[in-house]
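User: Hi! Could you help me learn to read a protein model, one feature at a time?

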Amino acid sequence: MLQSKSEIFKMRNYLKNKMKDRLAYCQDWKNSVDIYLANKKITKKADKEYYKSKPLLKLVLDIYFIPYNILRFFRYLRMLHEYKKNQVEIKVLTREIEGI
């Protein structure tokens, strides 16, 4: 099936626009995760400061919430994995857009 040059140009332009949209989405997601991680650090510092004067309470809560904290830790690791994967995707999309 032969395609005219205008059809090929339209298809390339369409693909390039879709890749730009995907790149914008990836960059927005990265920015959102950056904000989330910054806030998570602040929360961790605040918790540390709060529990300085209540070490027994901290110990009891840590023991009580072990299963939940393990689950949160694995979710955090998964998010970091997706974050790193997203950074690679941004690089690949940028190269692909420049190549078209």
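This is a predicted model: local features need pLDDT of at least 70, side-chain atom pairs count only at pLDDT 80 or more; totals for chains, interfaces and linings use all residues.

User: Which residues does Asn86 touch, not counting residues up to four places away in sequence?

Analyst: Residues are numbered from 1 along each chain as its sequence is written, and side-chain values use heavy atoms, leaving out hydrogens and water. Contact means heavy atoms within 4.5 Å. Here, Asn86 touches Cys26, Trp29 and Lys30.

User: Is Asn86 buried or exposed?

Analyst: Buried means under 20% relative accessible area, exposed over 50%, and partly exposed in between (1.4 Å probe, protein chains only). Asn86 has 6% relative accessibility, so Asn86 counts as buried. Asn86 lies in helix 3; helices (H or I, at least four residues) are DSSP runs, numbered from the N terminus.

User: And how exposed is Met11?

Analyst: Met11, in helix 1 (residues 5-50), is partly exposed, with a relative accessible area of 46%.

User: At what angle do helix 2 and helix 3 pack?

Analyst: Axes are lines fitted to C-alpha atoms, for helices over the stretch in contact, and angles run from 0 to 180 degrees between N-to-C directions. Helix 2 (residues 55-64) and helix 3 (residues 66-99) pack at about 75 degrees, with axes 5 Å apart. That makes helix 2 roughly perpendicular (65 to 115 degrees) to helix 3.

User: Which residues meet there?

Analyst: Asp62, Ile63 and Tyr64 in helix 2 meet Ile66, Pro67 and Asn69 in helix 3.

Technical notes
Helices (H or I, at least four residues) and strands (E, at least two) are DSSP runs, numbered from the N terminus. Angles under 35 degrees count as roughly parallel, over 145 as roughly antiparallel, 65 to 115 as roughly perpendicular and the rest as oblique.
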